[in-house]
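Keep the 3D view open while you read.

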Amino acid sequence: MPTTTKDALAAALGAENVRDAAEPDAVCGVRPQWVATVDSTESASAAMKVAAEHGLRVVPKGSGSKLDWGAAPAAVDLLLDVSAATGIVEHAAGDLVVHALAGTPVAEVGDTVRAAGQQLAIDQPLPTATVGGVVATGTSGPCRHLFGGVRDLLIGITVVRADGTVTTAGGKVVKNVAGYDLGKLYTGSFGTLGVITEAVFRLHPVAAEHRWISVTTTDPATAGALADEIRHSQAVPTAIELDRARPDGPIAVCAQLEGRPAATHDRAAELAATLGHGAEVLERAPEWWGSHPFEPAGTGLRVAAEPAKLPQLLAAIQDAAGGLPVTTRGAAGLGVLHAGLPADTDPAAVAELVTALRARCEYAVVERAPRAVLAAIDPWGPVAPGLLTLMRRTKDQFDPEHRLAPGRFVGGI
């Protein structure tokens, strides 16, 4: 009979899949006691049953590429590593659907479906990002403009709850509307409601041709007008992104078009001519396209406003930055931008910047930051009391003992 928590985990999962945690296993500086590796929904369920019996606080982990995103957990006993749960369960090419295990790299899913002329339109800046990780953090790339974000592409999900119960929601067909769409609830929940072990996504055909139309301006108002013109054009852009290397520097606005070769070429030429301002058609995406404007150890922010208020959003970043070297990049067509700061930026200055942005933007979230910055400011910021009450009630229903990633999400959830 197991005599310790580690023994109980080893009995359920095999001794080779349980080890003492080391410093690199820390989550935003909080070190767990043990790391358990699981390779399936069944083994994740077994691990969570042991965790429930022993009252363990659990943080799920995929590749670890975004393990330092969000707030630091209040405490963590067990790091549940699902990176071994890899593989494509099913690719129903005729139905434009793919079913994958949570530890599968998104890039691997993309390679698999691309062989059938299809794509999973979740373009990720981080090459090792996994299926479970992108759902848990709700991260999407430029193509979100046309195809929607993770929550729009997710049509089915399998989750292990805090007590080890396996639950599924959605299904394998795009038009599935029975019951509550719990996939949307789990998307972006940072592991606080359950351990995601499998996901089913809708796919789209891969276009034969891509073109990018790029135009540069120094004026935020002009940048906003250009993005707005592209957004309302007949060109049907896949994405509208912008890049600004410094707060008062030039602003590159770039749209991606895709489709049949001749038609795409003509649409790109027509759009460039309509935009003026020296707009040019590119055969390759700009070097900065689809990447984060912050280094892995730096501070990354996400700020937002209504798309029509993009000039005000750019101006707010410029004014709040002061002398800080802020790089701005993101979805100009959606009004959601990312801002990056070097790792050695003074934490107090970062906190002042974020506070100033929260006063002028729809929201300003610290996606990831050094520990000193997280200690200086709440990464999530204020939430409307009614909404926070609803979120806490949801947490109480899904995780009554608050053992899943405690403190990682909004309001200390």
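This is a predicted model: local features need pLDDT of at least 70, side-chain atom pairs count only at pLDDT 80 or more; totals for chains, interfaces and linings use all residues.

**Helix pairs**

Two packed helices are described by the angle between their axes and the distance between the axes. Here is how that looks for the pairs in this report.

| Helix pair | Angle between axes | Axis distance |
|---|---|---|
| α10 and α11 | about 150° | 9 Å |
| α8 and α9 | roughly 145° | within 11 Å |
| α8 and α10 | about 145° | 8 Å |

Let's start with α10 and α11. Helix α10 runs over residues 310-321, and α11 over residues 347-360. Why do α10 and α11 count as roughly antiparallel to each other? Angles over 145 degrees are counted that way, and with an angle of about 150°, α10 and α11 are therefore roughly antiparallel. Their crossing is right-handed. On the α10 side, the contact uses Gln-312, Ala-315, Ala-316, Ile-317, Asp-319, Ala-320 and Ala-321, and these meet Leu-353, Ala-356, Leu-357 and Arg-360 in α11. By class, that contact of α10 with α11 has eight nonpolar residues, one polar and two charged.

Helix α10 also packs against α8, again with a right-handed crossing of α8 and α10. If you click on Pro-220, Ala-221, Ala-223, Gly-224 and Ala-227 in α8, you'll find them meeting Leu-310, Pro-311, Leu-314 and Gln-318 in α10. Sorted by class, the contact of α8 with α10 gives seven nonpolar residues, two polar and no charged.

Then there's the pairing of α8 (residues 220-231) with α9 (residues 261-275). The crossing of α8 and α9 is right-handed. Leu-226, Glu-229 and Ile-230 of α8 make the contact with Leu-271, Thr-274 and Leu-275 of α9. In the contact of α8 with α9, four residues are nonpolar, one is polar and one is charged.

**Empty space**

Rolling a probe the size of a water molecule over the atoms shows where empty space is left.

Take the second largest pocket, which has a volume of about 530 Å³. Its lining is made of 25 residues, with Arg-114, Leu-120, Ile-122, Asp-123 and Gln-124 nearest its centre. Which element gives the largest share of that lining? For the second largest pocket the answer is α3, with six residues. Both α3 (106-114) and β14 (251-259) supply at least two residues each to this pocket's lining. Taken by class, the lining of the second largest pocket has 15 nonpolar, six polar and four charged residues.

Of the 23 residues that line the largest cavity, Pro-60, Lys-61, Gly-62, Gly-133 and Ala-136 are the closest to its centre. Elements giving two or more residues to the lining of the largest cavity are β3 (58-61), α4 (131-137) and β10 (195-202). The largest share of that cavity's lining comes from α4, with four residues. Split by class, the lining of the largest cavity holds 10 nonpolar, 10 polar and three charged residues.

Methods. Residues are numbered from 1 along each chain as its sequence is written. Side-chain values use heavy atoms; hydrogens and water are left out. Axes are lines fitted to C-alpha atoms, for helices over the stretch in contact, and angles run from 0 to 180 degrees between N-to-C directions. Angles under 35 degrees count as roughly parallel, over 145 as roughly antiparallel, 65 to 115 as roughly perpendicular and the rest as oblique. A crossing is left-handed if the near helix is turned anticlockwise from the far one by less than a right angle, and right-handed if clockwise. Contact means heavy atoms within 4.5 Å. Ala, Val, Leu, Ile, Met, Phe, Trp, Tyr, Cys and Pro count as nonpolar, Asp, Glu, Lys and Arg as charged, and the others, Gly among them, as polar. On a 1 Å grid over the protein atoms alone, a cavity is a set of points where a 1.4 Å probe fits but cannot get out, and a pocket is an open set with protein on both sides within 12 Å along at least five of seven lines; lining residues have an atom within 4 Å of a point. Grid points are joined across faces, edges and corners, and a volume is the space filled by probe spheres set on the points.
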